[in-house]
Amino acid sequence: RFAAPPPGARIADLCAAPGGKALYLARDAGYLLAADSAASRLPTLVENARRSGLPIGVVQGRAEAPPVDGVDLVLVDAPCSGTGTLRRHPDARWRLGPADPARLAEVQARILHHVAAAVRPGGWLVYSTCTLEPEENRDRVREFLARHPEFELDPPEGTGLEMDEDGMMEILPRRDTTDGAFAARLRRRDG
């Protein structure tokens with residue numbers, strides 16, 4: 001609901017494996033390209049796409065070098081520290097170090113910078129994570145908008161989803177009794 005692509009849209013999910021979000025978005029898409037950099041995760045993605053019968057193509061590719069351009073909507077569910085899922089995955093706290101959010105923020109910034117070119121004028125870029133860390137979420141979006149003035153925040157209307165004053169969605173485990181997540185929907189200006 002937050003991505004809110006128009007019916008028949010050409011969509012690219014550039015961090016797609018195992019494919020849950022891609023399958024959901026493909027239901028109303030004209031075509032969806034699902035890409036992931038991890039070769040080990042592609043068989044699951046291919047099988048999920050095949051079973052669905054939906055118009056999904058699967059490729060191995062890095063989001064930093066998008067294998068597509070001129071699409072209506074690009075989804076980047078970025079690699080992140082995953083702190084929003086600690087309740088469900090408590091052992092994750094032992095694999096995270098103090099420098100991880102900053103290190104991952106650099107990866108996220110690179111991905112966002114490169115995927116910007118894949119979005120057609122008038123199209124959307126949806127950036128999401130399952131972390132609660134501001135340097136991986138709203139700080140990433142603010143930095144991206146400063147570097148890419150051709151984009152602007154464009155929250156969807158009428159979704160029933162709770163958003164902050166900027167139109168970014170932040171789901172907090174203590175408030176929403178579910179995993180934590182963040183998303184921002186950005187529109188590339190036509191001009």
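Buried means under 20% relative accessible area, exposed over 50%, and partly exposed in between (1.4 Å probe, protein chains only). This is a predicted model, so local features need pLDDT of at least 70 and side-chain atom pairs pLDDT 80 or more, while totals for chains, interfaces and linings use all residues. Residues are numbered from 1 along each chain as its sequence is written, and side-chain values use heavy atoms, without hydrogens and water.

**Stop one: aspartate 36.** Select aspartate 36 in strand S2 (residues 31-36). Strands are DSSP runs of E, at least two residues; helices are runs of H or I, at least four; both are numbered from the N terminus. Aspartate 36 is buried but has no salt bridge. That would take a side-chain nitrogen of Lys or Arg within 4 Å of a carboxyl oxygen of Asp or Glu. The nearest side chain of opposite charge, arginine 41, is 4.7 Å away. Now show alanine 16: its backbone nitrogen is 3.3 Å from a polar atom of the aspartate 36 side chain.

**Stop two: helix H3.** Select residues 100-115. Colour the buried residues, among them Leu104, Ile111 and Val115.

**Stop three: a ring pair.** Select tyrosine 127 and phenylalanine 182. Their ring centres are 6.4 Å apart and their planes at 65°, so the pair is edge-to-face (centres within 6.5 Å; planes under 30 degrees apart are stacked, over 60 edge-to-face, the rest tilted). Tyrosine 127 is in strand S5 and phenylalanine 182 in strand S8, so the pair ties together parts 55 residues apart in sequence.

Key:
Lys, Arg positive; Asp, Glu negative; His and termini not counted. Polar contact = N/O pair within 3.5 Å; in protein donor to acceptor, adjacent residues only side chain to side chain. Expected span 1.5 Å × (residues − 1). Phe/Tyr/Trp six-rings, centres within 6.5 Å; stacked < 30°, edge-to-face > 60°.
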